Amino acid sequence: MAVIGAGLMGGAMVERLRERGWSVAVCDIDPACAERARGAGAMVCASAREVAAVLDEGGVLAIVVVDAAQCRDVLWGEQGAAPLLKPGQTVLLCPTIAPEDTEAIAARLAPLGVDTIDAPMSGGPARARAGTMSLMLAGPEAALQRHAGLLADLSDSQCRVGERVGDGARTKLVNNLLAGINLAGAAEALALAQRLGLDLTRTLDVIERSSGQSWIGADRLRRQLAGDTAPRAHMTLLAKDTRLAVAAGRAAGHEGVLGPQAAAVFAAALSVGMAGLDDGALLDWMRAHPDGLPSP
């Protein structure tokens with residue numbers, strides 16, 4: 001088993017797999033992430049190609065990076081893994097990327113005899129570490145069955161959405177568009193509560209027990225109100241995901257109403273320097289923009 005990308009999610013997956021007894025080879029461009037993986041008992045490799053060289057026959061290479069460009073670099077860059085992948089091995093694609101990118105990657109791997117499992121994740125690092133994150137799985141049934149044990153150790157919440165590679169990506173974009181809408185809505189509601197002179201913690205207590213509750217709103221904003229601003233999911237991620245979801249919708253003839261607005265809000269947050277912050281910091285953006293989105 002190998003993992004390329006041992007950041008917040010990938011690192012939690014490595015720790016989970018090591019705890020479950022898997023031998024894991026790891027590569028990450030961030031030395032701190034690599035050392036964390038080494039501390040968990042993983043073999044740290046200097047490049048994606050080195051990881052592929054030590055991957056077991058019939059093994060799985062999990063790619064846990066940020067975007068499609070990084071996926072392509074991991075596989076076909078200067079030190080990419082693809083030239084050393086062997087027939088019978090499998091690539092597990094975990095990032096949230098456009099369906100057409102997932103399909104294109106799978107099409108390039110297929111002539112090598114390498115299966116692709118489209119496997120976007122949801123739930124955050126704590127759930128990845130506990131093996132309770134959601135996996136949205138699409139790919140050949142034979143590959144899913146062959147790696148059922150690994151997938152079970154990674155997630156007790158598997159959603160098999162079909163055999164067509166790309167449908168995992170499509171499902172994840174739908175989910176994350178709703179997550180972005182929910183988070184933007186929750187942040188706007190608390191910004192309104194502040195304007196109305198309400199205690200925000202008490203207001204969130206009410207929302208969590210009432211019809212306005214959303215998991216992402218409660219998770220992110222509860223931490224923000226407590227002063228816990230350490231990034232678990234950077235603002236850039238939902239900005240990317242809502243943008244990709246809106247683009248996928250438009251390509252399918254669906255413009256939408258709330259999705260484009262949520263994507264615009266996240267893009268605006270990035271434009272004022274919030275890219276590296278936890279996405280719960282959207283509450284601060286909402287507080288600072290009571291008049292709505294700035295004019296283009």
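The model is predicted, with local features needing pLDDT of at least 70 and side-chain atom pairs counting only at pLDDT 80 or more. Residues are numbered from 1 along each chain, and side-chain values use heavy atoms, without hydrogens and water.

**Exercise 1.** Determine how helix 10 and helix 11 are oriented to each other, and which residues meet.

Solution. 
1. The axes (lines fitted to C-alpha atoms over the stretch in contact, with angles from 0 to 180 degrees between N-to-C directions) of helix 10, residues 200-208, and helix 11, residues 215-225, come within 10 Å and cross at roughly 160°. Helices here are DSSP runs of H or I with at least four residues.
2. The pair is therefore roughly antiparallel, a term for angles over 145 degrees.
3. From helix 10, Leu200, Thr201, Leu204, Asp205 and Glu208 are in contact (heavy atoms within 4.5 Å) with Ala218, Leu221, Arg222 and Leu225 of helix 11.
4. These contact residues comprise 5 nonpolar, 1 polar and 3 charged.

**Exercise 2.** Find which residues of helix 10 are buried and what covers them.

Solution. 
1. Leu200, Thr203 and Leu204 are the buried residues of helix 10, buried being under 20% relative accessible area and exposed over 50%, with a 1.4 Å probe and protein chains only.
2. Viewed down the axis of helix 10, they fall within an arc of 100° (taken from the directions from the axis to the C-beta atoms), so they line one face of the helix.
3. Arg202 and Val206 are exposed on the other side of helix 10.
4. The cover over the buried residues includes helix 9 (167-195), helix 11 and helix 14 (282-288).

Conventions: Helices (H or I, at least four residues) and strands (E, at least two) are DSSP runs, numbered from the N terminus. Angles under 35 degrees count as roughly parallel, over 145 as roughly antiparallel, 65 to 115 as roughly perpendicular and the rest as oblique. Ala, Val, Leu, Ile, Met, Phe, Trp, Tyr, Cys and Pro count as nonpolar, Asp, Glu, Lys and Arg as charged, and the others, Gly among them, as polar.
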